Amino acid sequence: MTYIYELKGWPDFHWNAERLVERLAAVRHKQGRLIGRMEGLGFNLRAEAALQTLTEEVVKSSEIEGEVLDKNQVRSSLARRLGMDIGALTPADRHVEGVVEMILDATEKYAESLTTERLFDWHAALFPTGRSGMRKITVGGWRVEQAGPMQVVSGPVGRERVHYEAPVAGRLENEMQRFLDWFNGVASIDPVLKAALAHLWFVTIHPFEDGNGRIARAIADLALARSENSAQRFYSMSAQIRKERNAYYEILESTQKGELDITPWLAWFLGCLDRAFEGADSILAHVLSKARFWELHAGDLISERQRAVINRLLDGFEGQLTSSKWGKLTKVSQATAARDIEGLIELGILRKDSAGGRSTSYSFVLPEET
């Protein structure tokens, strides 16, 4: 099997600009309209939309790799670092903190050069224990020959299918220097196409023992932030890739086993980005719904403790709300939890579900129902 990096002329990628021109123009138009709509929201709503988007980006980028992060931990970590008051914060473990650090560094410092040291810092943040699962890996450095070939495989042990094998470790320093020189240089291509190409190029080199996909997507986010000249994110490319994960891996594999003409990859990336913009509409709708709720209840006497739980409900609370769950969330006694809940029932914000007894639960009255 010959991979793209073994071809004569690598990494001189090329593509059919005529096949992409209409799709690129449509994507850039949608991108501009979305940024314009978000800028019209006002500071607080815009910050809330960015918080939701970044939460999705962190959670879904990890999900693509089969790793499930606690969404409340991610949101709390982001809010704390962004200086946002979202009520009671959920303590985040160091792994969540590391992923959040990487994403914020990529998006907030988009104008800074991408360097070897910066990539090493990202990688170290992703693997704070120096291990991937139970396996010890090289952290904050390129993979080494002793680690063996870097392969992307699937299937049961003994019947694995090799989808891709990356360049040997001895090539990495030169390959990455060439990539970074290109990325930090002045490119003659559209910034959105540069994001797509950077994603493909980095993940093809696969310079780390683990975390290459997440770092590739962070690099793409950095490039997209440059294309908008804005640190605030209002759409999540990773959330859309998560929805299309099978297609994502298929187009990566076919491109890495194909020719230096990467038109199909660029077309897929643009299409995925276009669909990611559509996903931003649901975030905007949620932010506006949340704002409408607080406008409706602006004159109500609601404690900070009650406000924190209401925000959890507005952001999507899993399972049934009971007084015992309220107590655990707010760290109060059952009696205090019951009083808090009763107060919200009187305000029409909660209602008691029909099933009573020890299993009494409560439902949130949505803004459109008030």
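This is a predicted model: local features need pLDDT of at least 70, side-chain atom pairs count only at pLDDT 80 or more; totals for chains, interfaces and linings use all residues.
1. Start with the open space. The largest pocket holds about 900 Å³. Its lining counts 28 residues, and Asn72, Arg75, Arg312, Asp315 and Gly316 sit nearest the centre. Helices α2, α3, α12 and α13 each give two or more residues to that lining, with α12 giving the most, at 6 residues. By class, the lining splits into 8 nonpolar, 9 polar and 11 charged residues.

2. Next comes the second largest pocket, at about 750 Å³. It is lined by 32 residues, and Asn44, Leu45, Glu48, Met84 and Asp85 are the closest to its centre. Two or more lining residues come from each of α2, α3, α4, α11 and α12; α2 gives the most here, with 7 residues.

3. Helix α2 (residues 43-64) gives the most to the lining, with 3 residues. In all, the lining has 2 nonpolar, 2 polar and 3 charged residues.

4. Finally, have a look at how α12 (residues 304-314) meets α13 (residues 323-330): the angle is about 110° and the axes are 11 Å apart. That makes the two helices roughly perpendicular. On the α12 side, the contact uses Arg305, Gln306, Val309 and Arg312, while α13 brings Trp326, Leu329 and Thr330. Those residues comprise 3 nonpolar, 2 polar and 2 charged.

How values were computed
Residues are numbered from 1 along each chain as its sequence is written. Side-chain values use heavy atoms; hydrogens and water are left out. Helices (H or I, at least four residues) and strands (E, at least two) are DSSP runs, numbered from the N terminus. Ala, Val, Leu, Ile, Met, Phe, Trp, Tyr, Cys and Pro count as nonpolar, Asp, Glu, Lys and Arg as charged, and the others, Gly among them, as polar. Axes are lines fitted to C-alpha atoms, for helices over the stretch in contact, and angles run from 0 to 180 degrees between N-to-C directions. Angles under 35 degrees count as roughly parallel, over 145 as roughly antiparallel, 65 to 115 as roughly perpendicular and the rest as oblique. Contact means heavy atoms within 4.5 Å. On a 1 Å grid over the protein atoms alone, a cavity is a set of points where a 1.4 Å probe fits but cannot get out, and a pocket is an open set with protein on both sides within 12 Å along at least five of seven lines; lining residues have an atom within 4 Å of a point. Grid points are joined across faces, edges and corners, and a volume is the space filled by probe spheres set on the points.
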